[in-house]
Amino acid sequence: MGKKIFLCSICNINSGTCNEDCKFCSQSVRYKADIERYKQKPIEQIKQEAIAAESNGALGFCLVTADKGLNDKTLEFVCSTAKEVQRVAPKLRLIACNGTASVEQLKEIKKAGIKAYNHNLETSEAFYPQICTTHPWSERYETCENVNGVGLVLISGGIFGLGESQADRESMLASLTRLKPTSVPINFYHHNPALQLNPNPLSIDEALQLIKLTRQTLPDAQRIMVAGGRELMFGKRQEEIFDYGANAIVIGNYLTTTGRAMHKDLEMLHALGLERATEVGA
Ligand code: SF4
């Protein structure tokens, strides 16, 4: 029996309205990237996306908002959306990804039936000021600690290919070992011409080695998930990510870029003799 691959789908329920200046993020209003921007995705559309994700074998469904962190209005929207989604797609495990969050806010998230919270460290503490000047890395770390503190499942990882050094990558992974995330999403920078960063300099072989390094550094993490940038980074070699330690992928579209059709990923797993995970585990 082959190893089981966890499939997760992400739903950008609020897009492109963030005032922060993260240099890799096309959702910042500062860079005027040519993306779709809206305050709240219509609930019917969210429900349809959840139903499609569930019927394509996703176990995780992540409600993402583009902002530095939760406020009362966003919290209410996320919690009410979670309840609606649970009604139409009860097999999905709900994840929230809404930026920095306090213990009190995370308790509300948990009460709404959401099981996990995703907040990425993004990169090392030392490199972070070069990619973001509007909030400190320490706030990111503290939110992850809050997630652990309220008993939500912590999902935390980062993004490679921003111009960081190998020492920065190792430092971020070392920070993650202290936080003990259950799932570690790895993103590969997808360049948008409106952004000030240079295009992702990583080769496919280097990116595969980073998956391996993540797996080796976080042996207790249940899932190493290749998330944003998979198709662009690996192209025809994306099947190889599973040989280097990945056991989870995001299927369907990403936050502001289009992923390939979900059925193509299911066909890829089948051709590789890999099974789709049917139970979440932790
Ligand atoms: S805080 Fe989040 S949504 Fe806002 S610019 Fe940074 S990465 Fe993008």
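**Figure 1. Overall view of the predicted model.** Of the 282 residues in the protein, 46% are buried, where a residue counts as buried if 20 or more other C-beta atoms lie within 10 Å of its own, as exposed if 12 or fewer do, and as partly exposed in between, with C-beta atoms placed from the backbone. This is a predicted model, in which local features need pLDDT of at least 70 and side-chain atom pairs count only at pLDDT 80 or more, while totals for chains, interfaces and linings use all residues. Residues are numbered from 1 along each chain as its sequence is written. The secondary structure comes to nine helices and ten strands, which are DSSP runs numbered from the N terminus (H or I and at least four residues for helices, E and at least two for strands). The radius of gyration of the protein is 17 Å, close to the 19 Å that the globule rule gives for 282 residues, so the protein is as compact as a globular protein of that length; the radius is taken over C-alpha atoms, and the rule is 2.2 Å times the number of residues to the power 0.38. Along the principal axes, the C-alpha atoms fill a box of roughly 45 × 45 × 35 Å.

Figure 2. At 1.5 Å a residue, the 13 residues of helix 1 should span 18 Å, and its end C-alpha atoms are 18 Å apart, which agrees; the expected span is 1.5 Å times one less than the number of residues. The buried residues in helix 1 are I46, E49, A50 and A53. They cover an arc of only 100° around the axis, which puts them on the same side of helix 1, the arc being that of the directions from the helix axis to the C-beta atoms. An α-helix has 3.6 residues a turn, so residues three or four places apart point the same way. Strand 1, strand 2 (60–65) and helix 2 (72–88) are what the buried residues of helix 1 pack against, whereas the exposed residues E44 and S55 sit on the face turned away from the buried side. After helix 1 comes G57, with a positive phi near 95°.

**Figure 3. Close-up of helix 2 (72–88) and its surroundings.** In helix 2, the buried residues are T74, L75, F77, V78, T81, A82 and V85. Seen down the axis of helix 2, these residues fall within an arc of 160°, so they line one face of the helix. They are covered by elements including strand 1, helix 1, strand 2, strand 3 (93–97) and helix 3 (103–111). On the other side of helix 2, D72, K73, S80, K83 and R87 are exposed.

Figure 4. K32, in the loop between strand 1 (4–14) and helix 1, has a positive phi of about 55° although it is not a glycine. K32 is exposed, with 10 other C-beta atoms within 10 Å. E122, in the loop between strand 4 (116–118) and helix 4 (128–131), also is not a glycine and has a positive phi, near 75°. E122 is buried, with 23 other C-beta atoms within 10 Å.

Figure 5. The shell around the ligand is formed by C18, E20, C22, C25, Q27, S28, A66, K68 and G99, each with its C-beta atom, placed from the backbone, within 6 Å of the ligand. By class, this shell has four nonpolar, three polar and two charged residues; Ala, Val, Leu, Ile, Met, Phe, Trp, Tyr, Cys and Pro count as nonpolar, Asp, Glu, Lys and Arg as charged, and the others, Gly among them, as polar.

Terms used. Two residues are in contact if their C-beta atoms, placed from the backbone, lie within 7 Å.
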